[in-house]
Amino acid sequence: MSTVYIPALAAFGGSAFGAVSTIVSGWFSRRRRLRERHHARSFSKRERLYRSFIEEASRLYADALVSDRAEIPQLVGLYTLVGRMRILSSDDVVHAAERTGRLIIETYLSPNRTFVDLPDFIEEMDPLREFGEACRCELLNLPAP
């Protein structure tokens with residue numbers, strides 16, 4: 001083999017290595033961006049779902065405190081949100097949401113509260129505390145991309 005070919009082969013090998021490393025680097029970068037985008041979408045989707053549940057549960061709970069007439073379509077809406085959580089969320093969040101739903105139903109079945117009863121009652125019980133803590137824990141522990 002002639003010594004003329006050695007520099008040519010080295011140049012070709014360097015060019016090939018550079019091209020392959022550029023392709024691989026681009027592939028890893030794209031994959032990382034896609035993972036980050038998926039993580040951000042997953043986070044915001046859960047956040048919107050939890051916010052909808054909190055708004056609906058708060059409204060229903062406030063109604064249940066002063067009324068004994070349950071609004072079945074709204075309760076169905078609340079359990080629809082729970083069903084969506086079964087797909088996206090951890091078991092802890094789903095169980096906390098189910099307990100909140102049961103608490104709302106029990107509140108509809110209990111005697112109505114008056115405005116005078118509310119300060120003592122609110123200090124005693126926060127119906128969404130467990131749900132909020134479970135959601136915060138899940139969102140903080142979502143695996144990083």
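Helices (H or I, at least four residues) and strands (E, at least two) are DSSP runs, numbered from the N terminus. The model shown is predicted, so local features need pLDDT of at least 70 and side-chain atom pairs count only at pLDDT 80 or more, whereas totals for chains, interfaces and linings use all residues. Residues are numbered from 1 along each chain as its sequence is written, and side-chain values use heavy atoms, with hydrogens and water left out.

**View 1. Aspartate 68 in the loop between α1 (5-66) and α2 (72-88).** At 58% relative accessibility, aspartate 68 counts as exposed, where exposed means over 50% relative accessible area, buried under 20% and partly exposed in between (1.4 Å probe, protein chains only). Leaving aside its neighbours within four places in sequence, aspartate 68 is in contact with Tyr108 and Asn112, contact being heavy atoms within 4.5 Å.

**View 2. The buried and exposed residues of helix α2.** With 17 residues, α2 reaches 25 Å from its first C-alpha to its last, close to the 24 Å expected at 1.5 Å a residue, the expected span being 1.5 Å times one less than the number of residues. Leu75, Leu78, Leu81, Val82 and Met85 are the buried residues of α2; seen down the helix axis, the buried residues fall within an arc of 115°, so they line one face of α2. The arc is that of the directions from the helix axis to the C-beta atoms. On the face of α2 turned away from the buried side are the exposed residues Ile72, Pro73 and Ile87.

**View 3. Glutamate 98 in helix α3 (residues 91-109).** Glutamate 98 counts as buried because its relative accessibility is 17%. Its side chain is joined to that of arginine 86 by a polar contact of 2.5 Å, a term for a pair of N or O atoms within 3.5 Å; within protein, one must be able to donate a hydrogen and the other to accept it, and residues adjacent in sequence count only if both atoms are side-chain atoms. Apart from neighbours within four places in sequence, glutamate 98 is in contact with Tyr79, Val82 and Arg86.

**View 4. Cysteine 135 and cysteine 137, without a disulfide.** A search of the whole structure finds zero disulfides, a disulfide being a pair of cysteine sulfur atoms within 2.5 Å. The cysteine sulfur closest to that of cysteine 135 belongs to cysteine 137 and is 10 Å away, too far for a bond. Cysteine 135 counts as buried at 5% relative accessibility, whereas cysteine 137 counts as partly exposed at 43%.
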